[in-house]
Amino acid sequence: MGKGGDNMSDKHNNHEHHEEHFDEVMGMKQGHGKVPRFLIVVYAVLAIWAVGYALTVKGIDERPADGEAAQGVSAEVGKGLSSQCLACHGADFKGGMGGVAPTLHGVVDKLKPEGVKEVLTKGRGGMPALGASWTPDQQDSMVEFLKTLK
């Protein structure tokens, strides 16, 4: 048993030595211990979240483009779109370009919402069809904004 027993004893000692082994890398001791249970739980939760996110996130093509967030219909959204009107209709929307562009105050009462949307999408006279590429909600929002101009 002498040599065989010693060999077994050496393996046991080497195994204990392996558990307590530290490497020194750039002056820091690094051990070879087990991963803490807390980190295993964190990694598992992170993996579950990542899979759930990947399955539910909208693709880039399905997201609203610049400033076209799905905000619904509101005068505030229409006001944001009205910056395109300023050059011709003036800063106060009371007409501009030497009387060529009419006032927008009371335009919804005069043309009715459907008429305003038709001018936005088809243009009229010197006005280009600025709203032709707008969504129906954006067109409705512009009508709501124009209603506030009295």
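Which helices do the buried residues of helix 6 pack against? I looked this up in a predicted model. The partners are helix 3 (75–81) and helix 5.

**Helix 6.** I listed the buried residues of this helix: Gln138, Gln139, Ser141, Met142, Val143, Phe145 and Leu146. I then checked the helix length. With 12 residues at 1.5 Å a residue, helix 6 should span 16 Å, and I found its end C-alpha atoms 17 Å apart, which agrees.

**Core.** I turned to the largest nonpolar core, which has 14 residues. Val116, Met142 and Leu146 touch the most other members. Helix 5 (107–122) and helix 6 (136–147) are the elements that give two or more residues to this core.

**Met142.** I looked up the contacts of Met142, leaving out residues up to four places away in sequence. Met142 touches Gly78, Leu81, Ser82, Cys85, Leu120 and Trp134.

**Ser82.** I followed one of those contacts, Ser82. I placed Ser82 in the loop between helix 3 and helix 4 (86–89). Is Ser82 buried or exposed? Its relative accessible area is 4%, under the 20% cut-off, so I noted Ser82 as buried. A polar atom of the Ser82 side chain lies 2.6 Å from the backbone oxygen of Lys79. Not counting residues up to four places away in sequence, Ser82 touches Phe93, Met142 and Phe145. I had already listed Met142 and Phe145 among the buried residues of helix 6.

Key
Residues are numbered from 1 along each chain as its sequence is written. This is a predicted model: local features need pLDDT of at least 70, side-chain atom pairs count only at pLDDT 80 or more; totals for chains, interfaces and linings use all residues. Side-chain values use heavy atoms; hydrogens and water are left out. A nonpolar core is a set of buried Ala, Val, Leu, Ile, Met, Phe, Trp, Tyr and Cys residues joined through side-chain atoms within 4.5 Å. Buried means under 20% relative accessible area, exposed over 50%, partly exposed in between (1.4 Å probe, protein chains only). Helices (H or I, at least four residues) and strands (E, at least two) are DSSP runs, numbered from the N terminus. Contact means heavy atoms within 4.5 Å. The expected span of a helix is 1.5 Å times one less than its number of residues. A polar contact is a pair of N or O atoms within 3.5 Å; within protein, one must be able to donate a hydrogen and the other to accept it, and residues adjacent in sequence count only if both atoms are side-chain atoms.
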